[in-house]
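Welcome, and thanks for taking a look at this one with me. Below are a few notes to read alongside the structure.

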Amino acid sequence: MNAFARLRTAFTALAIVAISALTGCASVYRVDNQVESFAQWADSAVPSGAAAVIPAPPQRYRFERLPSRTSGSAAQSADALEPLVQTALKPLGWTLAGDAEAAPWRIEVTAKGVRLPRAPWEDPWEEGRFGWASQVHIGVGLGYGGVLWSPWLLTPELPYYQREVTLVIRDAATGRVVYETRAAHDGRWNSTPELWSAMVSAALEGFPAPPKGVRQVNLDVPR
């Protein structure tokens, strides 16, 4: 690691500590989600215009995974997500079926995330990204208004995360998809079970009869 990289790393660490100190008094943080859901409980054979039969609680289900998600990191992700879905569905009257119980529904949950070095709209070379020092003019010892530049005063690059969680519910007897929902969240919060739990809860907002279109679902998560 060269000297410039060490200086930038040190400054970034100091900035994170400062931000933590400023926000440490807050007991919660907000997870803002863009949510879109699609419900199709009625079979395609039902005449057009007929009311959809929305399943009333209690309901039983089992989780299912694609073959590509039965091993490795994908299986680990499913192992972490499925209990969060189970917790979110239980108050809605949907419970995981036991080994000897019939389960008319199959639920698949997947998630994806991307870690960026900075927010998409942040450009490390744009005007002003060198911090307030780029606007400071020094006249002492100079015959003109020079610009003070120092790597210590670079704006730190804080990681930015883009995440999405998707749930698909199928009719166990036919394999037909009856419900699909996804929640997307972008921000600087680190990945935690509490954050993913909030995203799962947001994705299930309005279940089993969600409103149409994209909606904003904000949830506050304890620190």
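**Notes on salt bridges and a pocket**

1. Let's start with Asp220, which is partly exposed because its relative accessibility is 42%, a value between the 20% and 50% cut-offs. Please keep in mind that this is a predicted model.

2. Asp220 has a charged partner: a salt bridge joins Asp220 to Arg30, with 2.9 Å between the closest N and O atoms. This pair links distant parts of the chain, as Asp220 sits in strand E9 (residues 215-222) and Arg30 in strand E1 (residues 28-39), 190 residues apart. Arg30 is partly exposed as well, with 44% relative accessible area.

3. Next, have a look at Arg65, which takes part in a salt bridge with Asp79; the closest N and O atoms there are 2.6 Å apart. Arg65 belongs to the loop between strand E2 (59-63) and helix H2, and Asp79 to H2 itself, so the pair ties together parts that are 14 residues apart in sequence. Both ends are partly exposed: Asp79 has a relative accessibility of 46%, and Arg65 has a relative accessible area of 30%.

4. Arg65 also meets the side chain of Glu82 in a salt bridge, at 2.9 Å from N to O. Glu82 lies in helix H2 too, so this contact ties the helix to the loop between E2 and H2, across 17 residues of sequence. Is Glu82 buried or exposed? Glu82 is buried, because its relative accessible area of 12% falls under the 20% cut-off.

5. Elements that give two or more residues to its lining are helix H2 (72-89), strand E4 (105-116) and helix H3 (193-203).

6. Which residues line the second largest pocket? They are Ser77, Ala80, Leu81, Leu84, Ala111, Lys112, Gly113, Ser191, Pro193 and Trp196. Sorted by class, this lining has six nonpolar, three polar and one charged residues.

Notes:
Residues numbered from 1 in each chain as written. Predicted model: local features only at pLDDT ≥ 70, side-chain atom pairs only at ≥ 80, totals over all residues. Heavy atoms only, no water. 1 Å grid on protein atoms, 1.4 Å probe; cavity = no way out; pocket = protein on both sides within 12 Å on 5 of 7 lines; lining within 4 Å. Helix = DSSP H or I, 4+ residues; strand = E, 2+ residues; numbered from the N terminus. Nonpolar A, V, L, I, M, F, W, Y, C, P; charged D, E, K, R; others polar. Salt bridge = Lys/Arg side-chain N within 4 Å of Asp/Glu carboxyl O. Buried < 20%, exposed > 50% of the residue type's maximum accessible area, 1.4 Å probe, protein only.
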